[in-house]
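Please open the model in your viewer and keep the selection tool at hand.

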Amino acid sequence: MSQFQSISIRRALQMIQDYDLVLPAFQREYVWKPEQVERLFDSLMKGYPINSMLFWKVGKGIKQNYRFYKMLDKYIERKQTHNDIFDTSLKESFCAIIDGQQRLTSLNLGLRGSYAYRRKRSWVAIESNYPTRHLYLNLTTRLTEDDSGMTYDFEFMEDRVTEHSDLYVDGNGQKWFRVGKILDFSDKMEERSFYRENEMTLEEETMLARLNEMVHHDEPINFYEVDSEEPDVAVDVFVRTNSGGTALNYADILLSITIANWEQHKKDARTEIYGLVDEVNRMGFAITSDYILKAFLYLKGRDVRMRITSFSNDLLDEIVSEWDSIHDATLELFRLLRSFGLSAQTLTSNYATLPILLWMYRGGRWHNFIGSVQEENNRNIIKRWLMKTLLLRTFGYRSDGSLRRSRRLIEEQECLDFPAENIERELGQTVKESDFFDTVLSYQKESRMAFVVLSLLYQGTTFDGFGYHLDHLHSAKECTDYGLNKDVWNSVCNLQLLSERENESKGAMKLERWVEAKTSSINREGFLESHLIPNVDLSIEKFERFIEARKKLLIERLKMVLSVIQ
């Protein structure tokens with residue numbers, strides 16, 4: 001980072017005019033109201049400091065990789081709020097404004113541009129109700145100190161009233177100076193000539209002289225210039241130091257870059273991405289735009305870290321051209337997960353689903369993957385792998401390494417079937433016995449992981465949506481009435497997965513009576529085996545023996561499913 005620098009407002013405006021200062025794609029649009037602009041000019045007239053700014057020096061080596069925009073010099077509320085694209089070939093190098101856009105745009109509009117906003121109590125849709133206005137300073141009268149704290153009377157005045165004159169005299173004889181005219185006062189001679197031509201009083205001359213000093217000679221624009229080929233360095237400084245307004249995070253910035261790029265393809269990225277997020281979440285999940293951005297990087301073989309350098313123009317162009325396929329594949333993925341019974345509550349890692357998405361996407365398997373008879377084996381393989389992955393927390397807080405390695409394996413192999421075993425070997429998804437099973441089987445019914453464990457145990461269950469329930473074998477009421485330890489009877493050791501219909505028919509029936517009723521006309525041993533119920537005395541009085549036997553049964557099943565290393 002270079003040394004802290006200070007420049008005049010005149011110098012900053014010249015840099016904007018010469019395109020030495022432009023905006024990166026991730027900056028939000030201009031949002032300041034006229035009152036905020038007027039207050040900024042009042043603060044500068046008083047000599048008050050304004051927050052320092054942050055610029056990023058962009059050289060020829062990287063400027064073509066990203067999109068940049070010109071600064072606004074004409075703002076029309078609701079009509080003209082977008083910045084024009086800057087042709088980077090026009091300049092060898094330039095600075096991108098990382099922090100300070102709102103203030104610099106306000107200065108540019110007040111001194112070099114115009115600000116049009118709707119007249120009060122007028123129709124929104126009528127264009128003439130948004131008159132062009134320029135910023136004026138009342139030279140005749142200062143404001144009295146009031147709640148606003150304003151001293152200098154700045155106001156955006158309509159051109160139809162002032163006729164865009166340099167000095168407008170209102171009906172009360174007060175002189176209003178068009179603030180942008182001050183840029184013509186390059187020396188004292190021009191300033192004094194203006195005084196004489198307009199018969200100004202000493203107080204008016206003093207006011208105008210202060211404006212001249214503020215624009216041409218004061219140096220209130222304080223900034224750091226980050227000189228780095230890596231845009232992430234500049235953004236990291238911004239994210240860590242931003243104190244004005246609502247600070248952007250990396251995901252906000254990356255989404256803004258995506259939106260800016262898609263606009264060039266006449267596609268509304270915000271609507272498309274948020275629309276997909278909403279469609280997925282209506283199925284009962286809880287993804288955000290971060291997931292979609294991560295999926296872009298993962299599917300297209302880019303650095304999966306959420307970095308500015310990952311979202312180059314060529315990547316985003318690819319994404320736009322393939323968006324419909326990515327959209328449909330993502331929806332089919334989450335339909336599949338819903339068919340596994342997963343939801344926002346039980347899908348403990350959204351990123352763990354990306355290897356499945358990549359495999360489906362590369363193989364064009366998003367067209368009715370769920371209903372295809374030919375894909376039944378793959379659905380079973382995926383379900384087992386995903387539940388195991390969630391249980392082992394393979395894609396936890398630091399998931400980027402696991403994502404990179406799993407992607408490389410899927411890309412390198414022509415996988416007709418989902419390569420669960422290969423991924424498990426690559427990621428070391430094996431279980432070594434210790435206290436692992438005690439921990440897993442102690443999960444309580446309310447735990448997010450209880451459903452995951454039971455899904456691994458009840459491999460044969462298939463259902464659409466949320467048709468299966470977590471059910472106590474020995475009912476909660478019976479266990480409570482008998483005075484049993486809740487940590488035991490509410491754990492996986494006393495839980496099973498039942499279909500919604502089967503669970504409703506069971507209700508609070510005692511376990512032994514329910515089994516008797518269900519096996520009156522079928523093989524008892526087969527029923528017990530399919531429901532993972534030990535063939536022991538099932539009365540509540542023998543609860544401890546039942547739990548011992550069931551725990552042993554569940555551990556043996558988990559060892560088989562998880563391929564435990566002995």
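The stops that follow concern confidence, a sheet and several salt bridges.

**Confidence**

Begin by colouring the chain by pLDDT, since this is a predicted model. The average over the chain is 87, and 90% of the residues score at least 70. Next, select strand 8, where confidence is highest at a mean of 97, and then helix 7 (residues 231-241), where confidence is lowest at a mean of 66. Continue to residues 243-247: pLDDT stays under 50 there, and the model has three contacts for this stretch beyond four places in sequence.

Four strands form an open sheet in the order 9-8-11-10, with antiparallel pairing. Strand 9 and strand 10 (167-169) are the edges, each pairing on one side only. Viewed with direction ignored, neighbouring strands of this sheet are turned by 40 degrees against each other on average.

Select strand 8 together with strand 11 (residues 175-178): the two run antiparallel and are joined by three bridges. Here Tyr-136 may be displayed, with Arg-178 in strand 11 standing opposite.

Which residue's side chain meets that of Glu-158 in a salt bridge? Select Arg-119: the N to O distance between the two side chains is 3.0 Å. Arg-119 is partly exposed, with a relative accessible area of 24%, whereas Glu-158 counts as buried at 10%.

**Further salt bridges**

The count for the model comes to 26 salt bridges. For another, select Arg-302 and Asp-314, whose side chains meet at 3.6 Å, N to O. Arg-302 is in the loop between helix 10 (289-299) and helix 11 (313-339) and Asp-314 is in helix 11, so this pair ties together parts 12 residues apart in sequence. Asp-314 is partly exposed, with a relative accessible area of 43%.

Lastly, select helix 18 (residues 476-481). The side chains of Lys-477 and Asp-481 form a salt bridge of 2.9 Å, N to O. These residues are separated by about one helical turn because they are four residues apart in the helix. Both Lys-477 and Asp-481 are exposed. To finish, select Lys-300, Arg-302, Asp-314, Glu-318 and Glu-322, which salt bridges with shared partners join into one network.

Definitions and conventions:
Residues are numbered from 1 along each chain as its sequence is written. This is a predicted model: local features need pLDDT of at least 70, side-chain atom pairs count only at pLDDT 80 or more; totals for chains, interfaces and linings use all residues. Side-chain values use heavy atoms; hydrogens and water are left out. A salt bridge is a side-chain nitrogen of Lys or Arg within 4 Å of a carboxyl oxygen of Asp or Glu. Buried means under 20% relative accessible area, exposed over 50%, partly exposed in between (1.4 Å probe, protein chains only). pLDDT is the predictor's confidence in each residue, from 0 to 100. Contact means heavy atoms within 4.5 Å. Two strands pair if DSSP finds at least two bridges between them. Axes are lines fitted to C-alpha atoms, for helices over the stretch in contact, and angles run from 0 to 180 degrees between N-to-C directions.
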